[in-house]
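User: Hi! I'd like to get to know this structure by asking a few questions about it. Could you walk me through the answers?

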Amino acid sequence: MRLRAVGQLALLKGCSHPLTRVSYARRTLHAKATEFLQNNQPDWTESMHEVREAISKICSKYPDEYWLEKDNKHEFPQDLHRDMANDGWLGICMPQEYGGSELGISEATVMMQTISESGAGMAGASSVHMNIFGLEPVVKFGTTAQKERMLAPLIQGKEKPCFGVTEPNTGLDTLKLQSSARNMGDHYILNGSKIWTSTAQVANKILILVRTTPLDQVTKPTHGLSLFYTDLDRTAVKVTEIPKLGRSAVDSNVIFFENWKVPKEDLIGEEGNGFKIIMHGMNAERILVGGEALGLGYAALRRACIYAQERSVFGRPIGKNQGIQHPLADSWMKLEAARLMLYQAARMYDQGHSTGEYANAGKFLAAEAAFEACERAVLTHGGMGYAKEYHVERYLREAMLPRIAPISRELIYNYIGERVLGLAKSY
Ligand SMILES: Cc1cc2nc3c(=O)[nH]c(=O)nc-3n(C[C@H](O)[C@H](O)[C@H](O)COP(=O)(O)OP(=O)(O)OC[C@H]3O[C@@H](n4cnc5c(N)ncnc54)[C@H](O)[C@@H]3O)c2cc1C
């Protein structure tokens, strides 16, 4: 039986589907790092295990060689995206009435970790990332008509969204962004630019934040920004790909738009309230990216351990040398520590707590642990770590990304310093 994610858990409750027969008795505290997609975390709920197993099954169709080819050819992984849509996974966090499964961020993080951990890395995760929680502003602030029009095609994989917040001149200082929208009654006219807009080469929709009231005319800088979810109209929007370090299967772009006519019906929430609306899903997004980083770190560790057992130099496997073994053991501990914090953040989010400190810290720790694991995986492979055929060089290139986006390490330090420790603001 092929289960769709939609209603999957309800269906599994009380039935004898093989996915329900996961034996907790046999589940030890950890699996060997050489195992493919270990699935025995005793701290995960049954629904998290079910997600893990179903996503592993899909991802097992796409081995590392597939991702190497996509990376080399700079090709979007349409097949994985289609499989995820066909089995209902693009709506994992979306309301059931529009075709979603209404599962939590905990399950969605398992999903993103599993995609990445399969060897798909940030490329595989990024190909569906925007679908998972990107349209939360529409779920929370959209009208019924908007939800009907916008959510169902996204969940079915018929429409692909991209996300335009970062701007060339203002970067992380989002409140100073310069792109504008002029209210013309039944429509708005947008002018400006965005940078790093991922998937804009293949997307046909964009969630975009622009200023509708100039900064010098608002009482607070958080006011006067507005959010639109609209067609990426290529007659008014010029999309240019940025050559970049890694994650080459998924494009990132500079976009310029001039006199772009956007219907009033595509404004999400109230005019001027866009910043508050977009902030709503930020913590969830950080948790998801943390999960993607973790997956990459575990994938690298797995490859490093396999190589350390197989490669013999000086008449013995290199993994016998503690200079090889200890850094890998250290990486396992750091990845596990990050995992515990990240899933704690996810649990808190799902229970309705505000999770800023845990979401930020979890993403930070996962990204750092993953980067270190990827670097060590390359070093464990010696010269072959530099060769594409062992895949760990691709992992290392991709492991830079969660350290930078969606929020940088420095801004997370600022957040913890100011909000948790009560220290002075640096800007
Ligand atoms: C591959 C990729 C994909 C991306 N996809 C998207 C996307 O789809 N949509 C989108 O909108 N954005 C996207 N981004 C943008 C990403 O979110 C930003 O790059 C990131 O938030 C950092 O912003 P910036 O590049 O403008 O850095 P800047 O704001 O220019 O900052 C540069 C450096 O200065 C540091 N810094 C700045 N201010 C302070 C301060 N007050 N204290 C301490 N340090 C500071 C920063 O931490 C950073 O290290 C993507 C980025 C990449 C690399």
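User: Great, let's start inside. Is Thr199 buried or exposed?
Analyst: A residue is buried if 20 or more other C-beta atoms (placed from the backbone) lie within 10 Å of its own, exposed if 12 or fewer, and partly exposed in between. Thr199 has 24 C-beta neighbours inside 10 Å, so this residue counts as buried.

User: Before we go further, what kind of model is this?
Analyst: Residue numbers start from 1 along each chain, as its sequence is written. Local features need pLDDT of at least 70, side-chain atom pairs count only at pLDDT 80 or more, and totals for chains, interfaces and linings use all residues, for this is a predicted model.

User: Back to Thr199, then. In which loop is Thr199 found, and what is its phi?
Analyst: Helices (H or I, at least four residues) and strands (E, at least two) are DSSP runs, numbered from the N terminus. Thr199 is found in the loop between E3 and E4. Most residues other than glycine have a negative phi. Thr199 is not a glycine, yet its phi is positive, at about 70 degrees.

User: Asn259 also has a positive phi. Is Asn259 buried or exposed?
Analyst: Asn259 lies in strand E7 (residues 252-263), with a positive phi of about 45 degrees although it is not a glycine. With 9 other C-beta atoms within 10 Å, Asn259 is exposed.

User: Which peptide bond is cis?
Analyst: Most peptide bonds are trans. Look at Pro406, whose place is in the loop between H13 and H14. With omega near 0 degrees, the cis bond runs from Ala405 to Pro406.

User: Now the strands. Why is E4 largely enclosed by the rest of the structure?
Analyst: On one side of E4 sit Lys205, Leu207, Leu209 and Arg211, and on the other Ile206, Ile208 and Val210, all of them buried. The strand spans residues 205-211, and it is largely enclosed because the buried residues number 7 of the 7.

User: In which sense does E4 pair with E1, and in which with E5?
Analyst: Two strands pair if DSSP finds at least two bridges between them. E1 (residues 161-164) joins E4 over 4 bridges, with Gly164 opposite Ile208. E5 (residues 225-231) joins E4 over 7 bridges, and there Tyr229 is the bridge partner of Leu207. The sense is parallel for E1 and antiparallel for E5.

User: How far apart in space are Leu225 and Arg211?
Analyst: Leu225 has its place in E5 and is buried, with 27 other C-beta atoms within 10 Å. Contact here means C-beta atoms, placed from the backbone, within 7 Å. Leaving aside neighbours within four places in sequence, Leu225 is in contact with Leu209, Arg211, Gly274 and Phe275. Leu225 and Arg211 are 14 residues apart in sequence, while their C-alpha to C-alpha distance is 4.3 Å.

User: How many residues of H12 are buried?
Analyst: The buried ones are Val392, Glu393, Arg394, Tyr395, Leu396, Glu398 and Ala399. Their cover includes H3 (64-73), H5 (105-133), H9, H11 (356-380) and H13 (401-404). H12 (residues 392-399) is largely enclosed by the rest of the structure, because its buried residues number 7 of the 8.

User: And the ligand: which residues around it come nearest?
Analyst: A residue is near a molecule if its C-beta atom, placed from the backbone, lies within 6 Å of it. E1, E3 (187-198), H13 and H14 (409-420) each supply at least two residues of this shell. Of the 23 residues around the ligand, the nearest are Gly171, Trp196, Ser198, Ser408 and Glu410.

How values were computed:
Two residues are in contact if their C-beta atoms, placed from the backbone, lie within 7 Å.
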